[in-house]
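The following report describes the fold of the structure shown below, chain by chain, and then the contact between the chains.

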Amino acid sequence: MLEIINLQNHIFGPVTIDIEAGQSVIVRGASGSGKTRFMRAIADLDEAKGSIFLNAQDRRDLQGHEWRKRVRFVAADSSWWFETVEEHFPKEFELRDAMSKLGLKPELINSEVTKLSTGERQRLAFLRAIADEPQVLLLDEPTSALDENAAQKLETMIEELGTILLIASHNAAQVERFGPKEIMFDKAGIEIRP
Amino acid sequence: MDYINLSLIDLGLASLLILINGGISLCLGLGLERTLLINTARMVVQLLAIGFVLKFIFMQTSSLWTFGLAFIMIALAGREILSRQTHQLKGGKAYGLGATILFIVGFTCTLFAMLTLLQPDPWYSPRYFLPILGMIIGNTMTGIGLGMETLTTSIKRDQNLVEDRLALGEPRFFALSEHIKKALKTGMMPIINAMAASGIISLPGMMTGQIISGVDPIEATKYQLMIMFLIAGGTALGTTGGVLGMVYLLTDERHRLRLERIK
């Protein structure tokens with residue numbers, strides 16, 4: 001279980017919510033309302049007051065990078081630092097199988113990252129994020145560059161993972177699929193439904 | 001020692017060559033005349049002043065005066081490192097980092113030379129201590145300045161990439177490893193290149209000065225080799241300290257990137 005207690009910083013907050021294992025939560029709100037900053041703060045990429053416990057373990061008991069091995073934020077736009085796709089993945093990860101589930105051609109494994117399309121990069125960034133099996137996924141508009149068919153394949157894979165999931169999305173079908181629990185960011189404040 | 005004294009008329013004649021710089025700037029519209037004039041005047045005043053200061057300190061042979069001037073040199077060199085940064089940090093931490101490293105490296109390398117290689121009497125003899133310290137911190141300062149500048153600029157440019165690596169659970173020094181390597185290479189490259197060029201493309205300033213002052217060229221070469229080794233070691237230590245220290249200043253104990261610390 002992920003317990004977030006009074007999480008806040010100068011952009012958002014405070015937010016208190018418990019999310020059970022396998023449960024998904026939609027994070028909604030207008031652009032610039034603080035959704036991304038909220039999810040980054042859960043991953044401890046941004047400074048924030050408040051407490052977070054994952055399966056009763058306080059994030060302060062772990063080093064920042066150890067926490068992020070368990071609690072993974074995935075940005076809408078991905079960056080890449082090695083030349084080819086394969087170099088970004090751990091050797092033990094079944095990349096070929098995972099790629100085929102998302103409709104990606106296996107020959108992309110040895111491709112140069114700069115030659116990939118935006119949609120291919122977005123799906124591969126998702127696979128890179130789940131390769132070492134984090135317990136919590138914080139996805140910021142994970143299908144923004146995908147067509148409906150590719151988006152559905154990715155959503156199916158997300159569901160099959162069964163991790164604790166927070167997903168920032170403007171996509172109505174996605175909200176329907178991963179709801180009904182949601183955190184709504186707007187000018188009046190932050191509301192947790194239902 | 002046998003050397004030819006320069007008169008003020010000799011210096012005046014040599015200074016006419018600066019007019020060539022001014023002429024080129026005027027003809028090509030470079031707009032450098034004012035800067036050239038100010039910097040030439042600054043150089044003349046600074047060198048004359050240090051000449052008189054050194055003459056005074058050499059006459060005293062006092063550890064207090066020697067180390068006093070050494071601290072002033074380090075304090076000014078620390079400021080020079082900061083002035084070379086495009087993206088400066090808020091507060092005085094970057095200055096503190098640069099000056100502290102210059103102090104540690106400058107004194108370590110100079111003391112090594114004084115106590116084990118040259119062994120003058122007294123061991124802090126300003127005639128040896130101050131020029132050697134000056135050459136070490138001058139070069140180390142360049143290495144630290146270049147290293148820090150490369151690191152900060154490249155991290156700022158690649159912010160999203162670094163954030164992605166941190167988000168995947170990499171510790172800060174791992175996530176920044178490529179940036180650190182690039183910064184260290186950039187900081188050390190001038191001294192590595194200078195070593196390759198020494199003796200073939202250029203005669204180093206110190207060696208030239210000694211030869212003109214009547215020192216045997218072989219003895220001057222030995223001094224130059226010693227100082228190049230000291231400078232190379234000092235630059236490597238200083239650049240490494242500066243770059244790694246800068247990583248600490250641009251991140252925090254939770255291994256987060258803290259670019260808001262840049263002005």
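Just after helix H2 of chain B, B:Gly29 takes a positive phi of about 65°; helices (H or I, at least four residues) and strands (E, at least two) are DSSP runs, numbered from the N terminus. The model is a predicted one, in which local features need pLDDT of at least 70 and side-chain atom pairs count only at pLDDT 80 or more, while totals for chains, interfaces and linings use all residues. Residues are numbered from 1 along each chain as its sequence is written, and chains are lettered from A and ligands numbered from 1 in the order in which they are written.

**Chain B**

Helix H2 (residues 18-28) of chain B lies largely in the open, because the number of buried residues among its 11 is zero. A residue is buried if 20 or more other C-beta atoms, placed from the backbone, lie within 10 Å of its own. Of the 263 residues of chain B, 33% count as buried. Chain B has 11 helices and zero strands, and its C-alpha trace spans about 70 × 55 × 35 Å along the principal axes. Two residues are in contact if their C-beta atoms, placed from the backbone, lie within 7 Å. Among contacts in chain B between residues at least 6 apart in sequence, 74% join residues at least 24 apart.

**The four-stranded sheet of chain A**

In chain A, four strands form an open sheet in the order S2-S1-S4-S5, with antiparallel pairing. Its edge strands, S2 and S5 (57-58), each pair on one side only. Two strands pair if DSSP finds at least two bridges between them. The strand pairs of this sheet are listed here.

| Strand pair (chain A) | Bridges | Opposite residues |
|---|---|---|
| S1 (residues 2-8) and S2 (residues 15-19) | four | A:Glu3 and A:Asp18 |
| S1 and S4 (residues 49-54) | five | A:Ile5 and A:Ser51 |

S1 and S2 of chain A form a hairpin with six residues between them, and A:Gly13 in the turn has a positive phi of about 115°.

**The six-stranded sheet of chain A**

A further open sheet of chain A contains six strands in the order S6-S7-S8-S3-S9-S10, and its pairing is mixed. S6 (71-74) and S10 (189-193) are the edge strands, each pairing on one side only. Neighbouring strands of this sheet are turned by 15° against each other on average, direction ignored; the axes are lines fitted to C-alpha atoms, and angles run from 0 to 180 degrees between N-to-C directions. Within the sheet, S3 (residues 24-29) and S9 (residues 182-186) run parallel and are joined by four bridges. A:Val27 in this pairing stands opposite A:Ile183 in S9 of chain A.

**Nonpolar core**

A:Val27 is also among the residues with the most contacts inside the largest nonpolar core, which has 97 residues; the others are A:Met39, A:Ile42, A:Val74 and A:Leu138. Helix H6 (residues 126-157) of chain B gives the most to this core, with 12 residues. Such a core is a set of buried Ala, Val, Leu, Ile, Met, Phe, Trp, Tyr and Cys residues joined through C-beta atoms within 7 Å. Leaving aside neighbours within four places in sequence, A:Leu138 is in contact with residues including A:Met39, A:Ile42, A:Val74 and A:Leu166.

**Contact between the chains**

In the interface, 15 residues of chain B are in contact with 17 residues of chain A. Helix H7 (residues 159-167) of chain B supplies the largest share of the chain B side, seven residues. That side divides into five nonpolar, three polar and seven charged residues. Here Ala, Val, Leu, Ile, Met, Phe, Trp, Tyr, Cys and Pro count as nonpolar, Asp, Glu, Lys and Arg as charged, and the others, Gly among them, as polar.

Key. Buried ≥ 20, exposed ≤ 12 C-beta atoms within 10 Å, placed from the backbone.
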